[in-house]
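Have the viewer open as you read.

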Amino acid sequence: MSLAVESQTSKQLKRAGLTALTFLLMVVMCVPGLWVVLSAFRPNGEILAKPPIWIPEAPTFDNFRKIFGLGTDQVAIPVGSYFMNSLIIAMTSTVIALAIGMAGGYAFARYRFRGKGSIFLGLMLFRAVPGIALSLPVFIIWSKLGIIDTKIGLIIVYVSLNVPFTIWLIDGFFRQIPLSLSEAAQVDGCTRWQAFWKIEFPLARSGIAAAGVFAFLTSWNEFALASQLTRSTSSKTLPVGLLDFTAQFTIDWAGMCAMAVIIIIPALILTFLVQKHLIAGLTFGGVKG
Amino acid sequence: MAEITLDKVVKKYGAASVVHGIDLEIAHEEFVVLVGPSGCGKSTTLRMIAGLEDISGGIVRIGDRVVNDLPPRKRNISMVFQNYALYPHMNVRENLGFGLKIAGESPDNISKRVDEAAAVLGLTPLLDRTPAELSGGQRQRVAMGRAIVRRPEVFLFDEPLSNLDAKLRGQMRAEIKKLHQKVRTTVVYVTHDQVEAMTLADRIVVMRDGRIEQVGTPMEAFNHPRTTFVATFIGSPPMNLLPGVIAGGAVRLADGTTVPVPDRLKPHARDGRKVTLGIRPDDISPVGHGLSQDGPGAEVDLTVELAEPLGMESLIYTRLAGQEVLAKLYGPRIVQPGEQLTFRMALDRAHLFDAETGQSLRLD
């Protein structure tokens, strides 16, 4: 009896400890984000106040109005263009990276071919190279090709950044699907192509959605390479646009925070929309077990 | 008409050959079971008939068509997989109707034929469930339903019962047999379980190391095994094999015990020939407790080492010529280890194999 009570108490202590640790970690991760969101809704003066003011005293949408040029004082930052650039670049590169990732992942999961292991390892090693290390060579090559400061230039960079990752993730999901399902579909009258679209694709959908979200977020949030490769309103993305708020002597923190919120929202919405698919496990049950 | 012909069919993976040129003819509506230990090439052979493996050499015909280069969908076959391979994202109705939908059947027709197949297999109350919500036996039935609903010319079964527990396996075995009687179709069935092979097959094909060891009815394979491999693989418990030498019309075993050569094998038993004497446990029994007391026989006194009572019969482990020998005692009688009994061997059902080749002497 006393033993049971003791273990009960130690369990509770352990749980309390874990909760405290989780809380601490969440604070470290969330407070900067929270600060950004709060700061988007207050004037610059309040942001710089000492001691810090946590809860905005007079919440305001002025920062957003300013960015979109709706207020009295105009800020010459073309947020609309940046937003569209970001959207076009992230969407296009995601779609292409997913298409290549699906084809590649399927091939790695289902086919035997020469050099399969080395090619896969090569892809993973490529992922290990920090993108910024490649920025100078990419800059030189892109400028020779005449695609510096274009959307297509950035799309190509993001596709190559994302493809190893999408292949790796989608390969894992296809591997989980028993080969016999595709074989059964082929015996049932499907071509290999039909078997893929009607059986294997729906079952790997959650994995493909996850790969898509990750690829989109990578492209959407990427700053370092974009800041090197884009210059003008026609190709700059939102994260690069944040730099527009810094002048030689001043930084418009409030505007920057408002813009950061604008960057975060689509990413949040996307993650929310596909979260159902992010929960894997659809494959189980069709085979024994 | 859907007879299947395999003509010198070979399967190679790179340089390694796994099926070495097998010949087999399967008649229309025949139930043929490919049986053998794992790695004998039986599943590979089935998959070559299905079109799921490329054929490295030889010819496969279904009906009068050479199907070597046809994809599975053009062979008019259906297949039940070992892991059932039900589509997890579809319910039972959709699983059953999938093949018909792909074939472009009308929704009315699909639903009619799905209902028919479901009725045959007792799946009607389960039609709206997903595979995850079914038990092993139910999944097995759905897999069979998916196979019959398309009314193919050939059914292929790849170890369909090996994931079920013993009791369910017995039930499903009977259902498969009933199904074949209802839906007359050519069936090729792969298993490593000789009981399944014996009970289901019109003809058994015993395979070993990518070759066919024997083709015949279950009773032929049981009563007239061509090799020691078939003799030990078919029948449970396996046949006892005792090495010996022919001397003066008898087999002299290692310890000097002599067992007379049955008359029908005498022409092949020349003196000095090294042989293996094969005798099934059912044919060695304590005197008065055997299947038959007639016919030629030989009696030996043996000591019981272990007895396994099975109710109406007991399996007795004993030792003859320094080798463990299984015997059967029919009738309810308790036997104790150490007990000495006189056993009678029914020699009309004994077998002699060449010691070197393992071939039955009657094939000389």
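## Where the chains meet

Chain B gives 25 residues to the contact and chain A gives 22, with contact taken as C-beta atoms, placed from the backbone, within 7 Å. On the side of chain B that touches chain A, β6 (77-80) and α2 (92-102) each supply at least two residues. That side of chain B divides into 17 nonpolar, 7 polar and 1 charged; Ala, Val, Leu, Ile, Met, Phe, Trp, Tyr, Cys and Pro count as nonpolar, Asp, Glu, Lys and Arg as charged, and the others, Gly among them, as polar.

This is a predicted model, where local features need pLDDT of at least 70 and side-chain atom pairs pLDDT 80 or more, while totals for chains, interfaces and linings use all residues. Residues are numbered from 1 along each chain as its sequence is written, with chains lettered from A and ligands numbered from 1 in the order written.

## An enclosed helix in chain A

Helix α8 (residues 179-187) of chain A has 8 of its 9 residues buried, so it is largely enclosed by the rest of the structure. Buried means 20 or more other C-beta atoms within 10 Å of the residue's own, all placed from the backbone. Among the buried residues are Leu181(A), Glu183(A) and Val187(A). Their cover includes α9 (192-221) of chain A, together with α1 (42-50) and β6 of chain B. Helices (H or I, at least four residues) and strands (E, at least two) are DSSP runs, numbered from the N terminus.

Just after α8(A), Gly189(A) has a positive phi of about 120 degrees.

Conventions:
Contact = placed C-beta atoms within 7 Å. Buried ≥ 20, exposed ≤ 12 C-beta atoms within 10 Å, placed from the backbone.
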